[in-house]
Amino acid sequence: MNEEMERPPWWLSGSNDDNASGNATGSAGDPGIGGGLGDVWSLLGAVGNMAGDWFAASGASEHADHGDPRDHPDCLVCKVLVGVQSVSQPASEPEQLPRARWLPVRRA
Amino acid sequence: MLLVSSLTPSGRSWVLDSAARTVGHERVVDLGSFAYPNDDVFDACAVFDDIASSVSITGAQFTSADLMAGLRSFRDVAALVRVWEMHGTDEPRAVVWCAGSVPQVLADLESLDELADVAGTSSPAATLRARLTPVLAAVRSGDIEWLFATPAQPDAVQQASLDVAAAVGMGATVRGVLVAPMPRKKDGWPKEIREQARETYDRAVMDLHPITTLRTRSGEAPAFPAASMDAAQASTIVDAGGDRIFTLTLPGLSAIEYGPANGGDIQQVHVGTWSADPAYPTTHVVVRFAEHTVRWEVDATLRRCRAIDAVVADDTIAVTFVPVQEQWPSGRDQEEGGA
């Protein structure tokens, strides 16, 4: 079981050999509903692990400590924030305008 | 140039008849035919991509349907710019049919012009603004007028009146409103329905005053010979207590139905202030009703004041302003600014 988890999942290997196909359909000779769901859960788990690894590798988990996004070019979240700001403020970075201030309205 | 539109498809032929009688010819340009093949007005400008990207990123609260509707409206703006450049300047009697909402197109024209201004002095922004501004000026000067049709049905007339209020609040000039079609005895409509339609028309005339509001008679659409006027009126007076009362009249606004009273507040007309210049507390009075927003720029005196409350009476909004002390140089009478 552990050995199986250390190997990359079949859908990342790119190979179409018999073993990969066997893994994809669950345990040999047991293609029932339970086995199918097991594959789905393992697939989701693998995707979750990948997402976690990617998240950690990206440095996004450390973003909470970052102040000015421009000071952290290696942080994925900061990089996106800087990109958004450059699009929404393409030129001279206008001053932040206030929102409308709504008034109490009476009917005469 | 005469922009022509109808609240419902049934009014199209009637209002185009009226337009033909008004300008003296029957040639009609369809705004929709310019909306797609001529997107170069914006597509050639990188700033439009910036704007579209900005909208799609910062506007996460919008649904994709809203975004697509917004982009369609931008295309209508592009078409209006194109039509004005091709026909408007050399043919003042050009008739342009707009299948969509004219107030929406004008509002987007105004917003895009301001966005292009905010986008800075880059070449694409300057190019875009150079094409948008003359059209906006034509709208506000009366070189582009609007002729609008609504059926003689109470809900439709109410919506049409609010559309007109929004348009005049943006500075547009309205040539007139046509109430059509009217049910005729000749066509077999019962007396009760005919009378109700006439009452609805009479209500529209009152709500839209002083805008010319006519109806079809004997199966014929009328001409609208009278030139447009500045229907929206704003003024400021100083009361005995020194407060400044700003009033804004938007013909058509009185058509709005007030919701259940909640402590005397009006639920469906929202009035506020906004500042486009951080140096001043107020540069615009903002009025929001139905699906429209009107921003009215205030004069130099009111820029240095802060609004404290608002009153709505029929089609008039009154906003009370009090001076902001820091905005008035010491030793100078506040009354001087109002002179």
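Chain B is divided into domain 1 (2–215) and domain 2 (233–338), with bounds taken from an automatic or database domain assignment. The structure is a predicted model, in which local features need pLDDT of at least 70 and side-chain atom pairs count only at pLDDT 80 or more, while totals for chains, interfaces and linings use all residues. Residues are numbered from 1 along each chain as its sequence is written, and chains are lettered from A and ligands numbered from 1 in the order in which they are written.

Between the two domains, 15 residues of domain 1 of chain B are in contact with 13 residues of domain 2 of chain B, a contact being a pair of residues whose C-beta atoms, placed from the backbone, lie within 7 Å. On the side of domain 1 of chain B that touches domain 2 of chain B, the elements giving two or more residues are α7 (154–169) and α8 (191–208) of chain B. The most is given by α7(B), with eight residues. By residue class, this side of domain 1 of chain B comprises 10 nonpolar, four polar and one charged; Ala, Val, Leu, Ile, Met, Phe, Trp, Tyr, Cys and Pro count as nonpolar, Asp, Glu, Lys and Arg as charged, and the others, Gly among them, as polar.

Chain B has 10 helices and 13 strands, where helices (H or I, at least four residues) and strands (E, at least two) are DSSP runs numbered from the N terminus. Of its 339 residues, 44% count as buried. A residue is buried if 20 or more other C-beta atoms lie within 10 Å of its own, exposed if 12 or fewer, and partly exposed in between, the C-beta atoms being placed from the backbone. Among the contacts in chain B with a separation of 6 or more, 69% join residues 24 or more positions apart.

Helix α1 (residues 12–23) of chain B has 12 residues, which at 1.5 Å a residue should span 16 Å; the end C-alpha atoms are 16 Å apart, in agreement. The expected span is 1.5 Å times one less than the number of residues in the helix. Buried in α1(B) are Trp14(B), Val15(B), Ser18(B), Ala19(B), Thr22(B) and Val23(B). Viewed down the axis of α1(B), these residues fall within an arc of 155°, so they line one face of the helix; the arc is that of the directions from the helix axis to the C-beta atoms. The cover over the buried residues of α1(B) includes β1 (2–6), β3 (95–97), β4 (145–150) and β5 (173–179) of chain B. After α1(B) comes Gly24(B), with a positive phi near 90°.

The 18 residues of α8(B) should span 26 Å at 1.5 Å a residue, and this agrees with the 26 Å between its end C-alpha atoms. The buried residues of α8(B) are Ala197(B), Thr200(B), Ala204(B), Asp207(B) and Leu208(B). They fall within an arc of 85° when seen down the axis of α8(B), and so line one face of the helix. This buried set packs against α7, β5 and β6 (213–215) of chain B. The face of α8(B) turned away from the buried side carries the exposed residues Lys191(B), Glu192(B), Glu195(B) and Glu199(B).

Within strand β6 of chain B lies Arg215(B), which counts as buried because it has 21 C-beta neighbours inside 10 Å. Not counting residues up to four places away in sequence, Arg215(B) touches Val179(B), Ala180(B), Met182(B) and Tyr201(B). Gln104(B), in helix α5 (residues 102–118) of chain B, is likewise buried, with 21 other C-beta atoms within 10 Å.

Chain A has five helices and two strands, running α-α-α-α-α-β-β from the N terminus on. Buried residues make up 4% of its 108 residues. Residues 24 or more positions apart account for 3% of the contacts in chain A with a separation of 6 or more. The mean pLDDT of chain A is 52, and 12% of its residues reach 70 or more; pLDDT is the predictor's confidence in each residue, from 0 to 100. Among the elements of chain A, helix α3 (residues 18–24) has the lowest mean pLDDT (40) and strand β1 (residues 101–102) the highest (90). Where pLDDT is low, the predicted coordinates should not be read in detail.
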